[in-house]
Amino acid sequence: MNTAVLPRRRRARWPELLAHDWGGRIGAILLFIVVGVALFGSSFAPHGSTVTIGIPGLGPSPGAPLGLDFVGRDVLSRTLDGGRSTLLLGGAATALTYLVGVTIGLAAGNARSLVDPVLMRSVDVVLSFPALLVMLLAVTAFGSSRTVLVGAAALVLFPGVARIVRTATAEVATKAYVEAAVASGERAIAIIRREILPNVMPPIVADLGIRFSWSIILIASVNYLGLGLQPPTADWGLMVSENRGIISTNALAVIAPALMLALLIVAVNLVGDAYVRQLGRSKSEP
Amino acid sequence: MTQPERVVLRARGLSVELASGAAIIEDVSLELKAGEILGLVGESGSGKTTTALSIFGYHEQGVRAARGEIEISGQVLGDEQMFRRARGRLVSYVPQNPGMALNPSMRIADAIEDMIGAHRGKSVSGNSAHGMLERVGLSASQPFGRRFPHQLSGGQQQRVCIAVALSSGPAVVVLDEPTTGLDVITQARILNELVSLRDEEQVAMLYITHDLAVVSEIASRIAVMYAGRIVEQGAPEAILRSPRHPYTRGLMASTPDHVRPRMLQAMEGIAVGVGDHPPGCAFAPRCPQAVARCHTELPALEETASNHFVRCFEWLSTPPVEWIPPMVKHAASAVGEGASAVGEGASNVLEVNHLRAEYRSRHGSVLAASDVSFSLEQGGCVALVGESGSGKTTIARVIAGLHPISSGEIRLRGQALPRVAHRRTLEQRRRIQIVFQNPGEALNPSHTVSSTIARPARTLRGLSRREADDEVRRLLMAVRLPRRVAERYPAELSGGECQRVAIARALAAGPDVLVCDEITSALDVSVQAVVLELLRDLGQGFGVSLLLITHDLGVVSTLAERVLVLKDGAVCEEGTVAEVLETPRHEYTQRLLQAAPSLSATLDAWESATVTRRTAVGLIEPRDVT
């Protein structure tokens, strides 16, 4: 019996998690569909996404089931093609937001020195600028490349993450198990990674969905103003804005990309919520 | 007390269950007469608070009353509306945590006035807020009434709560662990106050507590609950002199006592949870005298003597509570400081010299401890005793390297220790381990028990994963936890189990000194007995030295050899436990000892029937002869 290795139990993995949670299951299916469309949809597109094939704003027809957009391109093909750009930009912006926000939040929340106020007041300064203004300034200053769009969105969004993480960290940092780690001389990095980070995950994940939505919306609104991605790129956010003029003749040109965006955001939120519920469950079992 | 005995509260066959049908309390019947204090004793999960709440017709979410009848002052309370009218007017509540019960933005006189106003016209006497304050022993002056709750001490806050509860002139007051958060001296004062209120106002009180020693001093009757049922009920004298239910006996044997120090005898097993009450007697799985039918058949509450009821088939065979003195340690240390005790006893593992510690606050620095000196032998146990704010926790933190020392020094095996943990060598950090007060916060909720215990074994002792696993298994056995606990998360464990895991984590480092900061204060007495037993074995079996930080003199008397009494950050008395507890010299120690409740003191008082000490506060009442 002495040679037997102790059973190691890990926190529930995604498949187990989804098996128990209807919200998470539906979210995962939706996410699977939307991401599938975004990544592989273009290979099924009947037309090229930048080719004009008929009269602008034409309604649905056998060749173009979703009709044509404001310059006469096939809405279905563009919808199938436009997800990649949206997903990529939104995903990258969210990832960057969390990377910066979590790092700053952990550092500030765990520091018992000047580091905390200095970091947080700088965050407040960033927070005090209107979001869109920062985006537009960035785009006008550095051009409207994808990198600039992602960076600017992250710059706008990270303060919120930093503040949440800092508060959660400061609370966890006073717990006895953190003190025990300090007393046994663990390094700050090990304490943050092992003792603190796992316990600030719920608030971090809880609004991941919302922040992902915001980053897509932010980038879409810059696109909408014509300062972001330049036509003829297919992008769901851009499609919603560029087709607003023909909403009376072919509403599907706006509805289709908008619906895909909505599904994406709902799916991310459902899965995020399921994950938080799962964390809560494993911590409050009797 | 010349009034004829009038029953003011009658609860019959109360049963409360979860939505699933699992019973929380079953068939609880209580009777309370005017001018009587009924002590309802039980550990967490025994259903005592549920019982109290159902007297108000109030149930927590997901919980419903299944059966039973409540009658207060001759009125049977049937529906929610009747209960609502009764609350405050007939029966009122004093909560456990007064700081949270009082509205922080309301002046205390207004809070009392509010309650009087809500029941104006119905209340018996023309109460005024200031009159009420005076009745509970607070100042009746205008400026005092204008204070906010945060400007009062914990004891004063609790008195305000009592005043609020009494101000509507209820027939019954339910007090839910009213002194649990208070220090002993304040507790003694509040208990005094309650007894005189009972005598003067003929209020009936239902006093809920986990502490047998406390009820033994104030109650006119005791009801002991276990797993949702009353298992023994009767006069305190009858129950405590010869407990008939093995659980009551077990509780008594688990309760530390500073007046007559004793070796605790922990009960087997753990309490059953709500919802898995077994078909027979719920205590049978832990019971040393259980017979076959205890597991299948539920014993009735049987009258074994006049007014003494016991729910046990085998009550006749319940042995009396033995009073075994603690191990020989006292004798060994009585040799004195200079003389070397047996063998290696002379070598001091830890020496603290003139320790001084301060806290920085907005208004400069606050002194937390000054000029504290003591030494700890190998395998020895020194206790630091004091009330909250006496600086004892700060001293623990300084020794563990979590709080900087302002002056003085700490020597570990003759070597001076650097002030903060990360400046100390690996070896030094390994040798001193600390266990914290709150078991809920002691363990990282994101790590399994085995990962928590293995960590210090790997970082401080450099064990491999395989070796650490073996170590985890060995330590779980040492702290008497089953091996399957290894893969659990802290949320799946009880408070006592968490605390034992925390001890195992500290032991994983292979320490010389274990600093225990109030580690049993959040635990039930039966669990505390297990933890204290474990600590004793550590000292004797593994040569670990203990620094015990506590406010509980009973705990000190069971474990420690030397004791330092702290007041306002300074040592006011020091000596062997026997010396200090038997012949306290400092006035503060004397007060502390007087105030601390003790079962044996009450028993002795009954024995000699002389009115000594706290019995003067009016506890001995003619037993009700019905």
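**View 1. L30(B) and the residues it touches in the predicted model.** Setting aside residues up to four places away in sequence, L30(B) touches L9(B), A11(B), L38(B) and A223(B). Two residues are in contact if their C-beta atoms, placed from the backbone, lie within 7 Å. L30(B) sits in strand 2 of chain B. Helices (H or I, at least four residues) and strands (E, at least two) are DSSP runs, numbered from the N terminus. L30(B) has 19 C-beta neighbours inside 10 Å and counts as partly exposed. The cut-offs are 20 or more other C-beta atoms within 10 Å of a residue's own for buried, 12 or fewer for exposed, and in between for partly exposed, with C-beta atoms placed from the backbone. G414(B) lies 384 residues from L30(B) in sequence, and the two C-alpha atoms are 61 Å apart.

This is a predicted model, in which local features need pLDDT of at least 70, side-chain atom pairs count only at pLDDT 80 or more, and totals for chains, interfaces and linings use all residues. Residues are numbered from 1 along each chain as its sequence is written, while chains are lettered from A and ligands numbered from 1 in the order in which they are written.

View 2. D27(B) is not a glycine, yet its phi is positive, about 50°. This residue belongs to strand 2 (residues 23–33) of chain B. D27(B) is partly exposed, with 18 other C-beta atoms within 10 Å. A227(B), also a residue other than glycine, has a positive phi near 45°. A227(B) is placed in the loop between strand 9 (221–226) and strand 10 (229–234) of chain B. Is A227(B) buried or partly exposed? A227(B) counts as buried, with 25 C-beta neighbours inside 10 Å.

**View 3. Strand 6 of chain B and its parallel partner.** Strand 6 of chain B pairs with strand 7 (residues 172–176) of chain B in the parallel sense, over 4 bridges. Pairing requires that DSSP finds at least two bridges between the strands. S92(B) stands opposite V173(B) of strand 7 of chain B. In a regular strand the side chains alternate between the two faces of the sheet. Strand 6 (residues 91–94) of chain B is covered on both faces. V91(B) and Y93(B) are buried on one side, S92(B) and V94(B) on the other.

**View 4. Chain B as a whole.** Chain B holds 23 helices and 22 strands. Its C-alpha trace spans about 70 × 65 × 50 Å along the principal axes. The radius of gyration of chain B is 25 Å, which agrees with the value near 25 Å for a compact globule of 626 residues. That radius is taken over C-alpha atoms, and the globule rule is 2.2 Å times the number of residues to the power 0.38. Of the 626 residues of chain B, 51% count as buried. Among contacts in chain B between residues at least 6 apart in sequence, 69% join residues at least 24 apart.

View 5. Chain A has 11 helices and 0 strands. Its C-alpha atoms fill a box of roughly 75 × 50 × 30 Å along the principal axes. Buried residues make up 44% of the 286 residues in chain A. Helix 6 (residues 146–173) of chain A has 28 residues and reaches 38 Å from first C-alpha to last, close to the expected 40 Å. The expected span is 1.5 Å times one less than the number of residues. Where does helix 6 of chain A bend? The bend, about 40°, is at L157(A), and P159(A) follows within four residues. Such a bend is the angle between axes fitted to the seven residues ending at a residue and the seven starting there.

Helix 9 (residues 208–224) of chain A has 17 residues and should span 24 Å; its end C-alpha atoms are 24 Å apart, which agrees. Helix 9 of chain A is largely enclosed by the rest of the structure, because 13 of its 17 residues are buried. Just after helix 9 of chain A, G226(A) takes a positive phi of about 80°.

**View 6. The contact between chain A and chain B.** The contact takes 22 residues from chain A and 32 residues from chain B. On the side of chain A that touches chain B, helix 7 (176–183), helix 8 (188–206) and helix 11 (252–284) of chain A are the elements that give two or more residues. Helix 7 of chain A gives the most, with 6 residues. The residues on this side of chain A divide into 9 nonpolar, 6 polar and 7 charged. Nonpolar here covers Ala, Val, Leu, Ile, Met, Phe, Trp, Tyr, Cys and Pro; charged covers Asp, Glu, Lys and Arg; the others, Gly among them, are polar.
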